[in-house]
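Here is a walk through one protein structure, taken in order from the whole chain to single residues. Please look at the sequence and the model first.

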Amino acid sequence: MSHLRPTSDPEIWKKGPAFGMAGVHADGMAVLKVREVAKEAIERARRGDGPTLAECETYRFRGHSLADLDELSDPGKQFHYVFLMVS
């Protein structure tokens, strides 16, 4: 089930402060950005500043299984991410 229906705010990282922790967002397709976010979260925890809720959004190129035919994916988005990975 999509997380868009059961939540008032689909940006999960924004929920961190409600639980007393930092919340950060990263483009999960950019491995160096994910690394940077993870390093900052580790440093924050080692300083004793608590945990971090990190949301790293990625794009799935295929369905979850053979039963998921991936009919709903946007061909423009697929091209965008394939082009980013090649360049």
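**The chain as a whole**

Of the 87 residues in the protein chain, 14% count as buried, where buried means under 20% relative accessible area, exposed means over 50% and partly exposed lies in between, with a 1.4 Å probe and protein chains only. This is a predicted model, in which local features need pLDDT of at least 70 and side-chain atom pairs count only at pLDDT 80 or more, while totals for chains, interfaces and linings use all residues. Residues are numbered from 1 along each chain as its sequence is written, and side-chain values use heavy atoms, with hydrogens and water left out.

The protein chain has 2 helices and 2 strands; these are DSSP runs numbered from the N terminus, helices being H or I with at least four residues and strands E with at least two. From the N terminus on, the order of the elements is β-α-β-α. Among contacts between residues at least 6 apart in sequence, 49% join residues at least 24 apart, a contact being heavy atoms within 4.5 Å.

**Helix H1**

Helix H1 covers residues 31-46. At 1.5 Å a residue, its 16 residues should span 22 Å, and the end C-alpha atoms are 22 Å apart, which agrees. The expected span is 1.5 Å times one less than the number of residues.

Which residues of H1 are buried? They are Val37, Ala41 and Arg44. Seen down the helix axis, the buried residues fall within an arc of 60°, so they line one face of H1; the arc is that of the directions from the helix axis to the C-beta atoms. An α-helix has 3.6 residues a turn, so residues three or four places apart point the same way. The cover over the buried residues of H1 includes strand E1 (22-27) and strand E2 (52-57). On the face turned away from the buried side, H1 carries the exposed residues Val31, Leu32, Arg35 and Arg46. Just after H1, Gly48 takes a positive phi of about 90°.

**Charged side chains**

Side chains of opposite charge can pair when their charged atoms come close. The structure holds 3 salt bridges, each being a side-chain nitrogen of Lys or Arg within 4 Å of a carboxyl oxygen of Asp or Glu.

One of them joins Glu36 and Lys33, with the closest N and O atoms 3.4 Å apart. Glu36 and Lys33 are 3 residues apart in helix H1, and therefore separated by about one helical turn. Glu36 counts as partly exposed at 38% relative accessibility, and so does Lys33 at 35%.

Another salt bridge links Asp49 and Arg47 (2.9 Å, N to O). Asp49 is partly exposed, with a relative accessible area of 46%, whereas Arg47 counts as exposed at 55%. Glu11 and Lys14 also meet in a salt bridge, at 2.7 Å from N to O. Glu11 is partly exposed at 34% relative accessibility, and Lys14 is partly exposed at 40%.

**Glu55**

Glu55 is found in strand E2. This residue is buried yet has no salt bridge, and the nearest side chain of opposite charge, Lys14, is 8.9 Å away. For such charges, Lys and Arg count as positive and Asp and Glu as negative; His and the chain ends are not counted.

What lies 3.1 Å from a polar atom of the Glu55 side chain? It is the backbone nitrogen of Trp13. Not counting residues up to four places away in sequence, Glu55 touches Pro10, Glu11, Ile12, Trp13, Val24, His25 and Ala26.

Terms used: A polar contact is a pair of N or O atoms within 3.5 Å; within protein, one must be able to donate a hydrogen and the other to accept it, and residues adjacent in sequence count only if both atoms are side-chain atoms.
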